[in-house]
Amino acid sequence: MLRFALGSLLAFAGLAQAANELRFTLRSEPKTFNPLMVEDESSETIRYLTGGVLIRLNRYTQELEGELASKWKVLENGRRIDFELRPNVHFSDGTPFSCDDVVFTMERLMDPSLHSPVGDSFRSAPGAVEAKCVSPISASVRFPAPVAALALQFDQVAILSAHSLHKEAAVLGPFMFGDYKPGALLVLERNPNYWKKDSNGRRLPYLDSIRLEIQSNRELELLRFRRGELDVVNKLDPDMFDRLSSEMPHNVVDAGPSLDSELVFFNQVASAPLPAYKLHWFQSAAFRRAISDAIHRDDLVRIVYKGHARAAAGPVSSANKFWLNAALKPALYSEQVALDELQRDGFHRSGDTLMDRDGHRVEFSMITNAGNRVHERMLTLIQQDLGKLGIQLNVLTLDFPSLIERITRTYNYESVLMALTNVGLDPNDQMNVWLSSAQTHQWNPNQKTPETPWEAEIDRLMQAQAASQTAAQRKVSFDKVQQIVADQAPMIFLVNPNALSAVSPNLKNVTPGLLRPQIYWNVDRLYLGSGYVSQK
Amino acid sequence: MATILIRQLRKILLTALMGGLLGATLVRLGPGFGTDERELDNRLNSDSQQAIRAERASENNIAMFYVRYLAGLAQGDLGYSHSLNRPVTALLKERLPLTLLSLSYGVAGGVAIGLGLALVTVAWRAPGSNVVPALLSGLCLAVPAAVIALLFLWMGTGGRWAIALVVFPHVYRYAKNLLTAAYQSPHVLAAQAKGLSSLRVLLAHVALPAAPQLAAIAGISVTLAFGASIPIEVVSDSPGIGQLAWRAALERDLPLLVNITILIALMTLVVNSLADLALANRRPAE
Amino acid sequence: MSRAQKLAIAVLAAVTIASLAAGWIAPSYSAQFRESISAPPSAKFPLGTDELGRDRFARLLYGTRVSLLLAPAAALLSTLIAALLGGTAGYLGGRWDRLVASGIDLFLSLPWLFLLMAVRALMPLNTSPVASVILTFLLLGCLGWASPARIVRAGTRTLASSDYLLQARAEGVAPARLFWNHLLPNLKPILAAQFWISVPVFILSEANLSLLGLGVAEPLPSWGAMLRDLENYSAVLQNPWMLAPAVLLVAVVSCLKLLLRSEDPLPC
């Protein structure tokens, strides 16, 4: 009885590992298994592991590769894309894959009532999307207007079966749904019908299964990795990375700066419930640039990120080599330069306090999400940096819904420290950040017409890059956007955190990339142990 | 007796439902209600953003929401959790057993340890027998529940034993006082003077008369244990009701929060009623 | 008074004096010595520095001040509310007693964590850390009355049926005078016990809130905020001085509990 109980305990704890099973965690319960409605990170992980796509962005080479589509062609200046599909491919339940499934998926995806974030990425203009079968193995999709980086968008579109009775459970990816214990565990089993084979003709994936435990406690996750109960830890915190690298130096991976940014922005909404004099400060580019100059980015990198980050120059990470405006450099910390800028804008020091031209003490608040230790530490450092200028910065951590309400509805905030997560490389992904009419134009959203000349210019340039025919032309426009952002500082970009992971030495064929998922982007070729490969 | 029981049950039910309504009102009027983190997703266009805001519109009128909820409750439908995208019934079915199991372990463990240490201190009266229990009890009372949970995490064991450590000091303290008073009562002294064995004195003359009050202590332990379960489940990532409650509060998930509030209210009311009943039975003996 | 209780008083007095004299002992809890991040103990930093280069010893002293001053204030508030509601319920009995009893049960089942989150989110943007922590403890005090009220109510009911009160009533003493002159003085031991029981409860509540990310605003330190460092257990093993806040918390709370009278009222 005791042995049975102990065995059950061990099995539940995951110590009894199935042969060739990859184990890592999801930070939260997946909100959906419908690949068209994926928005949270956990659901995105499931989609990546189970979904078959027509075109895949290779996370390592950052080149597009044909998956379910052996060939594709972008026509009509990005308005239409034709696919030649691979023959003899089947869903995990044996249902054959054909162009019907592509058409079905596109029709579902572009249904306006679905409000799919992936669907919205394709929606460059109103109007219906036409998807049709040219032959059983060729499909054509036509949009009402050109879509920038059209082929790249299909990396996020997992093809659904038009005919299978299992609906979303019938998948084309390397793994399919297995055991699911809500709140605790999801096991993905090897898809026996996965179309891909290795160079020796052996059917992929090599792994038998993937065990995903739902675990939000990062310390517990690290503990379990140390004990060998997990094979991968994604997105390690910098101090966890350092701890682990001192104990297990060969098990940690620092892939360099990620695409994500940490940034600060000020409230510039005219109708915000703030004193007029504060709004005036925040609407002054000189004030914003001075704040940017007063923040010690190198200290943020060194102290908060333990060196595992890079000071940011703008909205594009240094990891995004093509789209980065290389002429831009991160603002150098200089208290004097900041003070000079403020003085030119009418501010002055009175003892240890900074005052504006009307005699108001410069004091404002900065909010961020509670429970994020990295943000809390950054805020504390920024508080001290601005204190040297005589600015009283009050920091406030809020639970996420309260934060969202202030930023998107009541506009009852002064400044915010938050992260900008970039899923992809293309600047079109940031369209709704830079367009002044967009809801996520965070510092002053939903403008009927651009309220400043520089925002009008950004609108024009973003639309120009979306309509441009070549990447080189698009880059010219987007480089100008980055320059304007650097000059006007509506968002003060602080750092690009590095992509930090931990990998068990038992996991083979790992080649970490910069793009998510950094470690298991080639999950169909990963395997565990000393050369074991699935015979299934 | 049956009438009293029915009246009490009715009172419990009404109070619990009132608790649900108050809890829902609190959440509805609180900051951040109706927001969704998808509003920060810059891939979504304005139509989608508007659709997201409209999703929770049915919860804006709290009175109508609660009437609909009660109508659904009458048919066994507890509503739908938008934060976890699943029916609340299914969520509670999955998580309640885990919490009940943790609470059972925690309360049983806490009562066993507390009672055991109290007996050691009182019944055997060896010199210094109260030092170690008092120190242990004091230590566990002084450490926050979440820190105790962290300690168990480090050791690789579950949060349920953390609950036991939160509960046992209270059980120990009350049981010690109860048993001390019982041992000083005249009939026990008489039994000891007559030469009855320690075990017989303990079982027949101390424990038996004190049983209702000990039951009351066990009842209070349940409330203590549940209060501790929220930080413990959050820290140790245990997918129980405590973690669900925390999640529901963070995400302003009204259907989920209402149900959990009613569940907690029912538990608190039942436990307190039992405790009151036990103590009401004690009083005639004083 | 036992030797242990005398020792407890001495410890509490020493801690209180040290925290009140924090301004002289260790002037700044917020200064960041950025070249001495996570430094070990030294003459300059008796407990080393934290991950932002701040003096741990100074933060411990100031954090102690926050907890030792505000937790008793919160306990006083909750005891007063408990005395008012529980006392009148137990004394008057009948419908009012039943109403208060139901109210207590209802109150205990509400999602109080959410209320704390909500109040925090509703605070004006530029609330100073001191004001925010005072508000937090005040709120804890307003929320913490229910359990003591049950005990006060039970104690009052017992006292209300006691012989001396029956005699006073029989002699025609007015109800208000009965309550103030005869009942309340005899409730003092119960109220005092509840007060002292509540002080460590509120200290621990603040600690639990900090561990959930809802604690005191930076740069003001508190025991709870410093206890969050314990999540990094391997760092704690390598730097055991990080346990100082936990040790002090346990010592203070243990001393407070030692001072409680041993005749704890039974649960009701």
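1. Let's start on chain B: Val131(B) sits in helix α5, residues 131–142. Helices here are DSSP runs of H or I with at least four residues, strands are runs of E with at least two, and both are numbered from the N terminus. Val131(B) is partly exposed, at 44% relative accessible area (buried is under 20%, exposed over 50%, partly exposed in between, with a 1.4 Å probe and protein chains only).

2. Keep in mind that this is a predicted model, where local features need pLDDT of at least 70 and side-chain atom pairs count only at pLDDT 80 or more, while totals for chains, interfaces and linings use all residues. Residues are numbered from 1 along each chain as its sequence is written, and side-chain values use heavy atoms, leaving out hydrogens and water.

3. Now for chain C, which has 12 helices and zero strands. Its C-alpha atoms fill a box of roughly 75 × 45 × 30 Å along the principal axes.

4. Of the 268 residues in chain C, 57% are buried. Taking contacts in chain C with a separation of 6 or more, 69% come from residues 24 or more positions apart (a contact is heavy atoms within 4.5 Å).

Technical notes
Chains are lettered from A and ligands numbered from 1 in the order in which they are written.
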